[in-house]
Structure formats: C-alpha cells, structure tokens
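Here are a few exercises on how two chains meet, each with a worked solution. Have a go before reading on.

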Amino acid sequence: MSKNTPTLKAAPRERLGSRYAKRLRTSGKLPAVLYGHGTAPMSITLDEKETVTSLKTGAHVVKLAMEGGSTETCLVKDLQFGWLGDNVIHVDLARVDLDEVVTVKVRLQFVGTPESAKKPGAVLTHDVTELEIECKVRDIPEEIRVDLGGITADVYTVGEFKLADGLKAVTDPHAALSRVVTIAEEAEGEAAAPTAGAEPEVLTAKKDKEGEAGAAPAAGAKAAAPAKEAKKG
Amino acid sequence: MSMMPKRVKFRKQQRGKMKGNATRGNYVSYGDYGLQSLETHWLSARQIDAGRIAAQHFLRRQGKLFIRVFPDKPISKKPLETRMGTGKADVDFWAARIKPGTVLFEIAGVPEELAKQAFARIAHKMPVKCRFVGRRIAV
C-alpha cells in the first residue's frame, strides 16, 4: 500500500439499473459497488476523474469518504471496461482490513537493458507485464521495479526475481519477466507473393475410389459449367 | 505466402452477419501498444500482409510485431461476365472478420513514439478507421 492512500468521495446510489448508470457516467460519475466482510452490498457513486487517476497511478487500496462522514478502506477488486475495452465503466470495491492477506496483480516497472538486448536485431520483450502477488493489504506496492541491467541470460523468469519481504509471487515461476528475441532479417519479397492455387486441406472432402482428395471432382464440375453456359447461349 | 488456414472443415462458407462490437480480442494483450479497429469489415489476408510489411520495413528489426487477427473465412466471388447460377463460386480470398474494438496489431519493445509512427503506416493500409491504444489498467 502506498504511503498516500487516495481518498475518494462516495455517495450511495439510490436508483439502480443500466439506464441510470449511463446517466451517471454522462455527468462525470462512476457507478461502483462496495461489498465484503459479511455486510450487505452497497451501490455507490464515485467521481470518475479522481477514481481513474488513482487507478492509473497503480492504487489498489482506496479510502472511501462516504457522504455521512464515515470512511471505509477498500480494495479494488474488479473493473469493467466499455465497448472499446479501455474506459472504466464500473468498479468493484471490497471492504478489507489492513492486515488481511489478499492476492492482487501489480504492474511491473522495468528498468535497464540486459546485455544480450544490446546486440543488433535483438528485441527485449516482456511476457509478463503484471505480477500476481499474495501479501497483506498494507504491503501492496503500487508497482514492482524490476532491474534488468545486470541480467546476462536471454530469459529472466519470475522464479529468479527476488521480491521484497512480505510479498509472495503467485504467478507461474517459469513465466518470463523479460525475454530477448533476435528478429531475423526479412528476405526481400518474402510472404509478399501468395502461392497461386494454394488451398487448405478440406476435412470433409469426398474421396474417390483411388483415395484422392475431392479436388478432382470439383475441378471437373468447374470445367463442365462453362460448357453448360455455352449450350444455354 | 499469404495467411490462410492449413485445414478447414468445409471449402466454402456463407457470408454471415457482422453486427455489434468486439467482445473478445478488444484490448492489448501481448505487446505494449496496439492498433484497434473502429469499424466493421472483412480484412483480407493481403491487407493484413500489407500492414505487416509496412510496419516491419519501418521498424527495421527494432520491435516485435504481433498480428492479432487471422483470415479464416473463405470469401467466394464469381468471375466477371458469368451468368448467374451453376452453384457457389470459387474462393477468391481469405478474410478476417473485424468488428469495432478488435485489436489488429500489437507492438512490443519499442518506445511509444516509434510505435505510433509504425501504426500510422499500418493504418494507411487498413480499410477501416483505426486508433492507437495502450495497455489497460490492471487490478
């Protein structure tokens, strides 16, 4: 958890449903739900701008300042995205204690370049851009810094990376945090010209007695068609 | 060689409908940045290949390019000046169904500015309006 936990203003939502949620979004609000710890789920409204800003900085834990004056510590459990897949349209918040152990995804901040990535044609890629960790709520970092400067191997896995005390990686230890791939130089004209007459294998094609694929009868039918047309003309 | 499936169950397909928005493959998954379609279209294997070549010539082995769409739909077309009838025509090309929101290409391992320039070149080759997208917020 960062030292400055963002505080978001929240108000209970009285009218529910997609139509009212849409109206909220057009007025700069964000519908959300608050649940957990055995209490009834509560539909709330957040300010869209401040919520999205906090989420973009990597905040996982937020403090909700409710209209009545009470505050709640919450974990961002889930986000729903709009039809283009990137704008947040709904937030799921779960009530948590700071000493509760939770599993969260934390984004990785890569620093430095491995030696092998400095060669010509070498490209540094990251199979994993966020790490799933298990830790106490108070220990959740905003981001995890991965220094690749001293790495000599082509592949650097999650298992090889040492996390800070109190954090335990849940992601597959064989997953590559960084991978150096050498891109081969493309030969001129490669893949540009499609092979004429190339066809995929047809699994349901009728096979003739000699065991050939159904291409021959199809070709025959094609040849017969113009003859038929000539007769008509 | 242009992209097409290795094996198919049936040689030809009906046209189908392309309504609604993409609900799968609509966010950046593999790379750092992506090119997202904002329209519906059949994207031919040639157009995908043209985009790939445009990006690779620009990037010059600097980044890794991911193609997120695959042309698995056979599109048939009758030859010119042919009378109607006599069955469904031969397959003319292979196409990928594109809906608004579909991520077409992704790039990893390059700075944002270079990725933007590469995607601008790809977007010129695409028959649809496109936009540049980054990774979405993760929790």
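A polar contact is a pair of N or O atoms within 3.5 Å; within protein, one must be able to donate a hydrogen and the other to accept it, and residues adjacent in sequence count only if both atoms are side-chain atoms. This is a predicted model, where local features need pLDDT of at least 70, side-chain atom pairs count only at pLDDT 80 or more, and totals for chains, interfaces and linings use all residues. Residues are numbered from 1 along each chain as its sequence is written, chains are lettered from A in the order in which they are written, and side-chain values use heavy atoms, with hydrogens and water left out.

**Exercise 1.** Work out how much area chain A and chain B bury between them.

*Solution.* Start with contacts (heavy atoms within 4.5 Å): 45 residues of chain A meet 43 residues of chain B. Next, take the accessible area (1.4 Å probe) lost on putting the two parts together, summed over both. That comes to about 3,700 Å², with 58% on carbon and sulfur atoms.

**Exercise 2.** Count the polar contacts and salt bridges between chain A and chain B.

*Solution.* Nine residue pairs are in polar contact, both at pLDDT 80 or more. For salt bridges, look for a side-chain nitrogen of Lys or Arg within 4 Å of a carboxyl oxygen of Asp or Glu; you'll get three across the interface. One of them joins A:Glu199 to B:Arg11, with the closest N and O atoms 3.1 Å apart.
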